[in-house]
Amino acid sequence: MKRWKAVLVLCVLALARPAVAEESDVTTDDATREAYAQPIPSLPESDRAEFFKGRSLVRQVWVIPPSENREIAGLGPLYNRFSCIACHAGNGRGFAPSTAQEPMRTMLVRLSIPGTDEHGGPKPDPAYGGQLNENGVPGVPGEGRAEVRYTEHAIQLKGGEQVMLRKPDITFVDLAYGDFPPDILTSPRVAPPLYGLGLLQAVPEADIVALADAPKPKGIKGKVNRVWDAEQQKTVLGRFGWKANVPSLRQQIAGAYVGDMGITSPLFPDENCTAKQEACRHSPSAGNPELSKAQLDASEFYHFALAAPRQRNTGDKQVKRGSVLFKQAQCSACHVPQLKTGEFAPLPALSHQTIHPYTDLLLHDMGEALADHRPDYLATGREWRTPPLWGIALAQKVEPRAGFLHDGRARTLLEAVLWHGGEGTEAARMVENMAADDRNALLRFLESL
Amino acid sequence: MSKIKWILTACLLLMSQLACAAEKVVVLSSYPQEVITQFEAAFEQAYPQYRLEILWRQSRDAMTYLHQPHSAVDVYWTPAQRNFEVLAKEGAFRKLDIDLSGLPKKIGGFQISDPDGYYVASETAGYGMAYHPAELRRLGLPVPTDWKSLAAPAYSGHVVLPIPSKVGYAPMLVDTLLQGYGWEQGWSVLEQVAANANLADAGATFISDDVGSGRIAVGMTMDFFAVSAIANGKPLRFTYPEKVGYSPAHVAIFRDAANSEGARAFVSFVLSEQGQKLLFHPDIRKLPVLPAVYAAKPDGYFDPFSAAQRASYDYDLATGLKRQELVGALFDALITRHHTELKAMWSAIHQAEQKAPGDPRLQEAKQKASWLPLTAAQSNDAALQQTFIKHGSRSEALEQEWDTEIAEHYAQATQIALSISGAQP
C-alpha cells in the first residue's frame, strides 16, 4: 500500500512537471546581484516590516560584548565570522580558499569524534566542540586554522574537452587547545544559499518520505535523515544542511548564530565553549540569550519569505533540449524538478504552491571521492542531501567566487556534475560520454535555473 | 652532537613557523560587511604577513570602548568624523608618518582631512537625490537638479527625507543645506521639501525598497546607497545638487598601537591606488579621495574633484559637527513633530499663491511659515550646543517652548493663506 502511494506520488510529480518552470507568486524575476534577496511577490504588505527587520539582522555586523548597543551585541567568545552575510554574501553560497594561505572566509569545518551524542547526532570533540572557530574575542584564543590544499586530476570528456578537478585536503594549524585526537572526524562545508528555504520547509513530510519510498532508476536509492529537533525535543525528519541534519529553518538559523558567531538564542542559550576552554567560559556575554525571541522570529520570517529565482530563457531551444537531457541522464531522479508545498501557517502565502527546487531533500551515497567519513544522524560519511538547484546559475553573479558541492571544490557546474559518484555515478558517466552539443545543452539548461 | 643538531633543527622549525604565522592588525570600524569583505581579502592578499581583525562598533559605542583601559586597537577606520576630531584632541592618535602625496585635504572648499595630520580621509560620500526615472515619467515630473527642485508643489507625496535625529548620515545632509543656502533659506527649503515628503527613520533601506521599487519617486540620500543599488540592478538614477556636500570617512593609527608596522601597512593600503580602486566595487561605490584613480573609474562614476572645479562652497565641517544635535532637535521641532501641520500650511500657501499671487498678505504668511526659534548665531552657541548634546530637562524645556511657538506660527500662516484663497473667511 505504502509502495503504491509512493509510485503514485512519483507519477504525479513526473507527469505534472513541464519542461519549463511556471509563473508563480513565490519566485522572483530578479536576475541581478540582488536576486537572492527578494521577498516573495505575494508577501503581504503587513509583513514587510518583519521581513525588513529580519533582513537587517542578517546584514548586521555583530558586536563583541560588552556594548552599549545591546540589541546587536553577542559576538563570540569564539566565532568564525561576524555577520551572516560575511559567509552568505548577497544571501548566496560561499567559496573555498584558493590557497593554503587564504583563510576560510565563507567556509567552516565541522568536527566530531567517533560515536554519537545523546540524540544520535555527531559527538563533539571534547576540547573543540562541533566546529572549528578560527576567531576569539580579545582574551580568548581562536581555536586554530584550517588550511586547504588541492591536488588536481584531469577528466577527459567525449569530444576531447578536458576538465581539471581539484580535490581538497584539509590540514589544521595553530591549534590553541591541544592536538586533535587521532580519530577526529572533520568535514569542511561552504556556506549554502539562503533563498527559497521557507518553501522547502513547507513541503509536507509525507511527500519527502514518499519520494524516498518511490522506485528509482537502478543504483539510485535516497533516504530521509532523522534528526533531533531542539525545539520539539524529539527526533523528526531532517531537511536542511548539507546532510539534511537540521529539522527546521529556525534551528538552522539559531544553530548558525551560536555555532558560527557565538550568539546565543532562546533555542541554543549556551555559549559555544567547551569545558576545556576556560577563557571562553569566563568571557562576558551580552545577555541570556543574546539574540532575543523577537529577533529570532524576524530572522526566521525573513528566510521564510525569501523568494527563489524563477527559471529564465525557457523558450531557448538549447535550454529545452537540456531539460530533456537532464531527465535522460537521470539527474532528475534525485534533483526532482517539482514539488508541492502543503499548508504553511507561519507564512500562508507559501501554502499549496507548485515549486521547482530540483531536490528530493533526501540523502544519497555520493561515492568515496566526496565522502567526509563523518556520520551525521542517519547520514553516513558518503551520504549527502541533494542540494536544490533553483537559482544556482546566478550563484557566481551574486558572489563571483561561489563554489559548488559541500566543500566548494567545484568551480563550475560541470565540475560539480563530474564529481558525482556513488548513486550519481551513472549520471556523471552519461554526461562525460555525451556529445559535446548535448553536454552544452545540458549546461545551458542548468544556466537557466 | 646529534642531540644538539636535533634541538637546533627544532628551534629553526619553530622560528620559521612563528615567522610564517600572520600577525594580526586590529582595526576598529563600523563599515558594513560588504566594505569589510573587499578590503579584508585584498589587504591580506597584498600583505600576507598580516591578518586583519575587525572590531565592529557603532560610533558612540566605539568611543565608550576606546575610553576603557586595555582597548588594544591599532587602527580606527570608519565614517565617524566627530569621533576622529575628539580622539585627535585627546591625543589618541599618532601623526601619520606615511606617504600622503596625491591625497588632497580638501574637495573644493570642503575640508576632508585633519589639517594637523592625525587622521586622513580614506573615502567620501556625496549627498544628493536618488530617483526612479520611470516613476518620475509616469508622474510627469522633471528630474530634480537641486534640493530646491523638490520644494515644488508637484513633488508633493513623491519625496522621502531622512530624519537627522534617527538616521546617521542625515545630520550632515541637513547641515550642507543650511551652510549651502544659509541658515534661514536652508531651513525654508528644508521645510518646503519636508512638506512634500515622507519622513524616513531608517537609513538606507528606503532607497532600495521604496525608491528602487518606484513606491516613492525621489529620495534625499547619500550617493553610494543609490549608486550601489544601481550597480546591482535597481532601475534608479542618482543626481547631485548644484553644490555638493560630502561626508568623508577617515583612517588613523592609535598612539598605543601594538602592531604599528601592521597599522601603517593597513593605512597605506587603504590610501593606495589599489585600496582606493576597491571603492569602485558595485557593493561599495564610495568616492575615492585619491584623484589619480578617477582615470580608471567605471562609466558614469561621479568625480568630486572635477565637480568642485565647476561649483563649490566653503563648508565649515567643525560648525556642522558641533551643532549636530541642536540642528537635529530643531528639525524634529520644525518638521518631525509638526509634519501634518507643516504639510497643511504649505498646501494652503500654494493654493493662496495660485488664487491671488499678488496678495500682499502672502509675504506675511510665508514669513510666519519660515519663522525659526533660533538664529544662525544662536545655533553656534557652545553652551546651547552642549545642552542638546547632553540632552536633559533643559533641552526638553526648550523643545517644549519651540513646539508651542512653532505651532502658533504654523497656525497663523495657515489661517492667513486660507483667508487669501477664500477657503476660510
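A residue is classed as buried if 20 or more other C-beta atoms lie within 10 Å of its own. In this predicted model, B:R285 has 24 other C-beta atoms within 10 Å and is therefore buried. The backbone of B:R285 adopts a positive phi of about 55°, although the residue is not a glycine. B:R285 lies in the loop between α11 (273-278) and α12 (304-310) of chain B.

A non-glycine residue with a positive phi, again of about 55°, also occurs in chain A, at A:D174. This aspartate is located in the loop between β7 (162-173) and β8 of chain A. With 15 other C-beta atoms within 10 Å, A:D174 is partly exposed, whereas B:R285 is buried.

Chain B contains 19 helices and 11 strands, and its C-alpha trace spans about 115 × 50 × 35 Å along the principal axes. Of the 425 residues in chain B, 45% are buried. Among contacts in chain B with a separation of 6 or more, 77% involve residues 24 or more positions apart. The largest nonpolar core comprises 244 residues, and those with the most contacts inside it are B:V75, B:V193 and B:F266. Beyond its neighbours within four places in sequence, B:F266 is in contact with B:V25, B:V27, B:F43 and B:V75.

In chain A, strand β3 (residues 107-116) pairs with two strands. Six bridges join β3(A) to strand β8 (residues 185-190) of chain A in an antiparallel arrangement, with A:S112 opposite A:L185. Two bridges connect β3(A) with strand β4 (residues 122-123) of chain A, and this pair is likewise antiparallel; here A:I113 has A:K123 as its bridge partner. The strands β3(A) and β4(A) form a hairpin with five residues between them, and A:G120 in the turn has a positive phi of about 90°.

Two cis peptide bonds were identified in chain A. The bond from A:P65 to A:P66 has omega near 0°, and A:P66 is placed in the loop between α2 and β2 (78-79) of chain A. The bond from A:N288 to A:P289 has omega near 5°; A:P289 belongs to the loop between α7 (278-281) and α8 (293-305) of chain A.

The contact between the chains takes 20 residues from chain A and 19 residues from chain B. On the side of chain A that touches chain B, α2 (48-59) and α3 (84-87) each supply at least two residues. The residues on this side of chain A comprise nine nonpolar, five polar and six charged.

Notes:
Residues numbered from 1 in each chain as written. Chains lettered and ligands numbered in written order. Predicted model: local features only at pLDDT ≥ 70, side-chain atom pairs only at ≥ 80, totals over all residues. Helix = DSSP H or I, 4+ residues; strand = E, 2+ residues; numbered from the N terminus. Buried ≥ 20, exposed ≤ 12 C-beta atoms within 10 Å, placed from the backbone. Contact = placed C-beta atoms within 7 Å. Pairing = 2+ DSSP bridges. Nonpolar A, V, L, I, M, F, W, Y, C, P; charged D, E, K, R; others polar. Core = buried A, V, L, I, M, F, W, Y, C linked by C-beta atoms within 7 Å.
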